[in-house]
Amino acid sequence: MRPRGGQEYRAVTCAQRGRGRASHLQETGAYLLTLRGDDLEATGPSGQTRTLSAGRFLEIFGSALFLPPEPTGRLTDLGPLFG
């Protein structure tokens, strides 16, 4: 995500359910993430947006299981257009 700062991404958190062959991932929430310089803006399922440093993000979400982030197509500034 860092090379595309200013572009919004959707990242889904998951939880492992079941055991053995019955094991599967269950979606638990979707977050909208945007890099702004060294900080990350995260909008949670409730719609509340917070600006987090990389360290704070890892404190909160370090143990979370995310599916690969997907670009939403929304640009929040002109950064991605100019490199």
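This is a predicted model: local features need pLDDT of at least 70, side-chain atom pairs count only at pLDDT 80 or more; totals for chains, interfaces and linings use all residues.
Residues are numbered from 1 along each chain as its sequence is written, and side-chain values use heavy atoms, with hydrogens and water left out.

Let's go inside. Buried means under 20% relative accessible area, exposed means over 50%, and partly exposed is in between, with a 1.4 Å probe and protein chains only. Of the 83 residues in the protein chain, 27% are buried.

What makes up the largest nonpolar core? Nine residues do: Ala11, Tyr31, Leu33, Leu35, Leu40, Ala42, Leu52, Phe57 and Phe61. A core here is a set of buried Ala, Val, Leu, Ile, Met, Phe, Trp, Tyr and Cys residues joined through side-chain atoms within 4.5 Å. Two or more residues come from each of β2 (24-36), β3 (39-43) and α1 (54-61), and β2 gives the most, with three. As background, nonpolar side chains in soluble globular proteins tend to be buried together.

Next, the rings. Phe, Tyr and Trp rings (the six-membered one for Trp) pair if their centres lie within 6.5 Å; planes under 30 degrees apart are stacked, over 60 edge-to-face, and the rest tilted. The whole structure has five such aromatic pairs. Take tyrosine 31 and phenylalanine 61: their ring centres are 5.1 Å apart with planes at 75°, so that pair is edge-to-face. Tyrosine 31 sits in strand β2 and phenylalanine 61 in helix α1, so the pair ties together parts 30 residues apart in sequence. Tyrosine 31 counts as buried at 18% relative accessibility, and phenylalanine 61 is buried at 14%.

Is the pair of phenylalanine 57 and phenylalanine 61 stacked, tilted or edge-to-face? The centres are 4.9 Å apart and the planes are at 40°, so this one is tilted. Both residues lie in helix α1, four residues apart, about one turn of the helix. Zooming out, ring pairs link Tyr31, Phe57, Phe61 and Phe66 into a cluster.

Last stop, leucine 65: this residue is found in strand β5 (residues 65-66), and leucine 65 is partly exposed, with a relative accessible area of 40%.
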